[in-house]
Amino acid sequence: MDIRQATDHYEEWLRKQLTIIETDLKHKHKAMAKDAFSFLRATFYRWMQCWPQVCAGENEATHVLAIGDVHVENFGTWRDAEGRLIWGVNDFDEAYELPYTLDLTRLAASAHIAIRASKLSIHAGDACRAILEGYTSAIQTGGRPFVLEEDHLWLRNIVTGELRDPVHFWQRFDALATLRGHIPGSARKSVERLLPGPARTYRWVHRIAGLGSLGRQRFAAVVVHEGGKMAREVKALAPSACVWAAGGGSGRILYKPLLRQPVRAEDPFLQVKGKWIVRRLSPHCCRVELATLPKLRDERQLLYSMGFEVGNIHLGTRGAQTRILRDLKKRGAGWLHEAAGNMLQQSTRDWKEWRGSTKA
């Protein structure tokens, strides 16, 4: 099936899993036509449909509990239980048991597209090498969380820049209209459990954020508490698009296992409550977009760190370390660059077809 048919089929399946906000879904469709990077972020379902054929060799690699929809803007910061600033993968909506090569290929393909869009200035081949070197280092050493305190000063400096200023952050929330519609009771209760006891007077807003999950119910409670603003977000969860690509049916949501198993300094405010994911939002507890980073940055080191963090996640699968290292030794030096290029070609063809049909 073509990209239009695949999208219709996937969204029909998704409507059976949860409540869809149709106006947000239309917004997603427009974003998909905008540029190749937005299209990639929004269409993990299509990636999973094409992956087994386009990257047949990589699809035979050892399986791990994987991120799935990983890309260069699926990283962010949060505070752990000790109040330390942590950096790492920010979203596990599409968690599933997949070949370890898939996460790496998707991350590398997103870097390719970001380079073409001038979001990154590094050469594509160097980007792939940096990602693979970081990943291999994590697997060989057993991994290590990115605690931005004593170590990783360079990373802390770029992710706490002026563009993530608290004033600007809360201004965006202030601009959102108060939501007067119905909030599902289970979502409301999930958020209230993450608010301080006295903070029970708040206003609900509807957030339009992300691309892969755009169309799902997504709300935030904003409150002024003890002299400052706070926010808690709740977002609907569904089985991974991998379930749809494999033929549909029901599937267990693996978000919670992927939070607990990896080498990770956990965010105590990131919790799964039934079919809702609840989290704290603040200037330094959110996703990091490339546009918010300073222009002067070590992009090779950044991509190396992204690859290392993917390794941290994969190490959560028992016995994966030995199997992954054995498999990596069998692959040539340029396998990641080639696989990313092949998937990029497929994604670009789909994007052009989608853009053409949208204009028509």
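Surface patches here are built from residues with over 30% relative accessible area and no salt bridge, with like charges joined within 9 Å and nonpolar side chains (Val, Leu, Ile, Met, Phe, Trp, Tyr) within 5 Å. A salt bridge is a side-chain nitrogen of Lys or Arg within 4 Å of a carboxyl oxygen of Asp or Glu. The model is predicted: local features need pLDDT of at least 70, side-chain atom pairs count only at pLDDT 80 or more, and totals for chains, interfaces and linings use all residues. Residues are numbered from 1 along each chain as its sequence is written, and side-chain values use heavy atoms, leaving out hydrogens and water.

**Stop 1: a charged patch**

Select Arg 323, Arg 326, Lys 329 and Lys 330, which gather in a patch of positive charge on the surface. Arg 326 belongs to helix α13 (residues 320-330); helices (H or I, at least four residues) and strands (E, at least two) are DSSP runs, numbered from the N terminus. Arg 326 is partly exposed, at 48% relative accessible area. Buried means under 20%, exposed over 50%, and partly exposed in between (1.4 Å probe, protein chains only).

**Stop 2: aromatic pairs**

The structure holds 14 aromatic pairs. Rings of Phe, Tyr and Trp (its six-membered ring) pair if their centres lie within 6.5 Å; planes under 30 degrees apart count as stacked, over 60 as edge-to-face and the rest as tilted.

Select Tyr 10 and Trp 244, an edge-to-face pair with 5.5 Å centre to centre and 75° between the planes. This pair links distant parts of the chain, 234 residues apart: Tyr 10 sits in helix α1 (residues 3-15) and Trp 244 in helix α10 (residues 241-245). Tyr 10 is buried, with a relative accessible area of 2%, and Trp 244 is buried at 5%.

Next, select Trp 87 and Phe 146. Their ring centres are 5.0 Å apart and their planes at 80°, so this pair is edge-to-face. Trp 87 is in strand β3 (residues 85-89) and Phe 146 in strand β5 (residues 146-147), so the pair ties together parts 59 residues apart in sequence. Both Trp 87 and Phe 146 are buried.

**Stop 3: two loops with positive phi**

Select Ser 118, in the loop between α5 (100-116) and α6 (124-141). Ser 118 has a positive phi near 65° and is not a glycine; Ser 118 is exposed, at 66% relative accessibility.

Finish at Glu 226, in the loop between β7 (218-225) and β8 (228-236). Phi of Glu 226 is positive, about 50°, although the residue is not a glycine. Glu 226 is exposed, with a relative accessible area of 74%.

Methods. Accessible areas come from the Shrake-Rupley method with a 1.4 Å probe; for residues, only the protein chains shown count as cover. Lys and Arg count as positive and Asp and Glu as negative; His and the chain ends are not counted. The place of a charge is taken as NZ of Lys, CZ of Arg, CG of Asp or CD of Glu.
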